[in-house]
Amino acid sequence: MPSQWEGGTVVTARDTEPPVVDEWAPVSVPGRPARFAGEDAVAYRLQFSDPRAARDQRTLLDFRGVYGRARFWLDGELLGEHDTYFDPARFEFEPGPENELIVECHRPTDGFGGVYETDMVPGELAVPGVWWGAHLRLRPPAFVTDLVVNPRLTDDGAVIDTAVCVDAAEPVDESVTLTLRPEGFRGGGTMERVQVDADAGERVTVTRTLELHDPSYWWPQGYGDQHRYTVRAKFRDHERTRTTGICPVRYEGGLWANGQRVQARGVNLLPSDSPRADLAAAAEAGFNLVRVHAHVLPQWFYDAADEAGLLVWQDLPLTGPAAVDPARGQALARTLTGEYDHHPSVAMFGVHDDPVESFPERLGTGRLARLRFRRRVSGTTFDRATADAIASAFPDDATVFPVCGPPGCSPDAAHLYPGWDYGDADTVDWLLAKYPEFGRVVTEFGAGSLTERGARPVGLDRERHDAVVGDDGAGASQATQARIVKRVAEALRIDGADVLAAFCLRDVASGGGMGVVAHDGTPKPAYDALADSFQPVVALCDGTPPGSVDVTVVNDTPDQLDGTFSWTAGEAGESVPVVVAPGAREPVGTVSVPADADTLELVVDGEGRRTVNRYSL
């Protein structure tokens, strides 16, 4: 679409007329104009000439990522409304010689703004508007408007169910050609024709199941290759494509992908202006999971996750204790899965994030603090009926966790912050012994840090930070964060967590935050610490060195490890043989780390793989 857009703050919204705007100024669309940060309602205006080269061409508006409750006005007439930013907004219209389009966006008030409507995200990332794409498209009288694909396993292999929607402004009596081809690997393909019969002005959906007798699976990183298939629907000279893959995921006494037990290790992603770089940073660290925390990203992000072999935990945009309409939540759940679950990477869904407040006051160490913790777990009341009702709207084969939150709300996925919300990092051992159910699926843990002395950044509780770290500057702050993150991550891995996601990858603003990467993309020490601790094969300390600590070798690969474990700390060290079954944890003894050692290195060699886990003492 032409880029001569203007924007302005809405002064008055009217029922039957376009809004009144204080002043129009040039802006970029798509985008999030920083000048409107904090505004509740913003309008965008575009003036354009009739784009058609032939009179039988159809003219469509196609918007992606329209955040907020939106109304679309063309030459003063209401063209349509839209309220779900991860669902495309599409409208057909008859252009005049000259046209004026106004897109009026109001901040969502239904509770489903997700993390964008919290103080965890700066205002410039939550501007009501058109975030991802704005297109003026020309189409022939009849064309393919949608292609939906859904892969599933069968007794004979796998199939891909397809649905093709043809929008006909003239009578149609012909076929759509469906082709299925492997994407980047050798394998069988297929081609079929599906008859379409439509009267003028009719929109018709035809379906066909494409069979794969010897399917190649998509695997998360570290478990196999990322095989994908591209489905193409061609009608006349117009076509649409979808790329998908086969990776059924279920959680049943563990996490299973393609019938293989897997462990998911990764990070939460908060909104940023660089989601592509965030995904690359997660992949580079060797993680195999990203949790898209209480928001949704554009389609290209999930395409990139498919290619990288990263599992995606996709949240519904619902966070905090506010009450919401379950029917609205169910509609959003159906829209979310309809748009995104063809991606093999999209493995799990979360419904309600943090439905109760997480420890308003930090709990210290000692018996009294633990008593208060136990009272919190047993005494907090939470009615999960709405979360469960929304979860029921997901497809039957989807892996859904209705409640993701702190102890005290009976979470299906736990948020655990030993060393930050309560106790010290070693409190994780007591926590897992007392409440082993919390350690199976953990979608948040971590600590915050500063990148500038004295900063009070968005997304970081400075009082909590200072209670944990003291005000010793960025260096001490980041060293403390790395120590807490590493200790908790390793305890959870030794305990056998099936799903484990640190909070979070990147700070949402300058000055610091909960991220293991600074706002500008610079890794903090916690990034390397987490990458070491999350290696698929690694030796982990079951305690805090120096002194005597037990060591466990973890093997989260599908292959048995036959190798050697060794450690060094100053002048001390030794080496022993080790055998660890696939997906197992094997204690390998106790190491005695001298008090004067600066570092401890735990090394595992075997099967052509060498992993090193470093501790700064």
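Start at W131: the charged end of R32 sits over its ring, 3.8 Å from the centre. Here a charge counts as over a ring if NZ of Lys or CZ of Arg is within 6 Å of the ring centre and within 35 degrees of the ring normal. This is a predicted model, with local features requiring pLDDT of at least 70 and side-chain atom pairs pLDDT 80 or more, while totals for chains, interfaces and linings use all residues. Residues are numbered from 1 along each chain as its sequence is written, and side-chain values use heavy atoms, leaving out hydrogens and water.

**Aromatic rings**

Rings of Phe, Tyr and Trp (its six-membered ring) pair if their centres lie within 6.5 Å; planes under 30 degrees apart are stacked, over 60 edge-to-face, the rest tilted. The whole structure has 29 aromatic pairs. Zoom in on Y85 and F86: their ring centres are 5.5 Å apart and the planes meet at 80°, so this pair is edge-to-face. Both Y85 and F86 are buried. Buried means under 20% relative accessible area, exposed over 50%, and partly exposed in between (1.4 Å probe, protein chains only).

Next, select F301 and Y302. Their ring centres lie 5.3 Å apart with planes at 80°, so they too are edge-to-face. F301 has 0% relative accessibility and counts as buried. Y302 is also at 0%, hence buried.

Now go to F359. R376 lies over the face of this ring, at 4.7 Å from the ring centre.

**Cysteines**

Show the cysteine sulfurs. The structure holds zero disulfides, a disulfide being a pair of cysteine sulfur atoms within 2.5 Å. C409 is in none; its nearest cysteine sulfur, in C404, is 8.7 Å away. C409 is buried, at 2% relative accessibility.

Move on to C504. Its sulfur is 16 Å from the closest cysteine sulfur, again that of C404, too far for a bond. C504 is buried, with a relative accessible area of 2%.

**Backbone stops**

Stay at C504 and display the backbone. A cis peptide bond joins F503 and C504, with omega about 0°. C504 is in the loop between β29 (499-502) and β30 (512-513). Helices (H or I, at least four residues) and strands (E, at least two) are DSSP runs, numbered from the N terminus.

Select P545 and P546. The peptide bond between them is cis, with omega near 5°. P546 belongs to the loop between β31 (537-542) and β32 (547-555).

Then D354. Its phi is positive, about 45°, although D354 is not a glycine. Look for D354 in the loop between β24 (346-353) and α4 (367-379).

S410 is in the loop between β25 (400-405) and β26 (413-415). At 57% relative accessibility, S410 counts as exposed.

**Zoom out**

Show the whole chain as a cartoon. The protein chain has nine helices and 37 strands. Its C-alpha atoms fill a box of roughly 85 × 60 × 40 Å along the principal axes. Of its 617 residues, 57% count as buried. Contact means heavy atoms within 4.5 Å. Among contacts between residues at least 6 apart in sequence, 69% join residues at least 24 apart.
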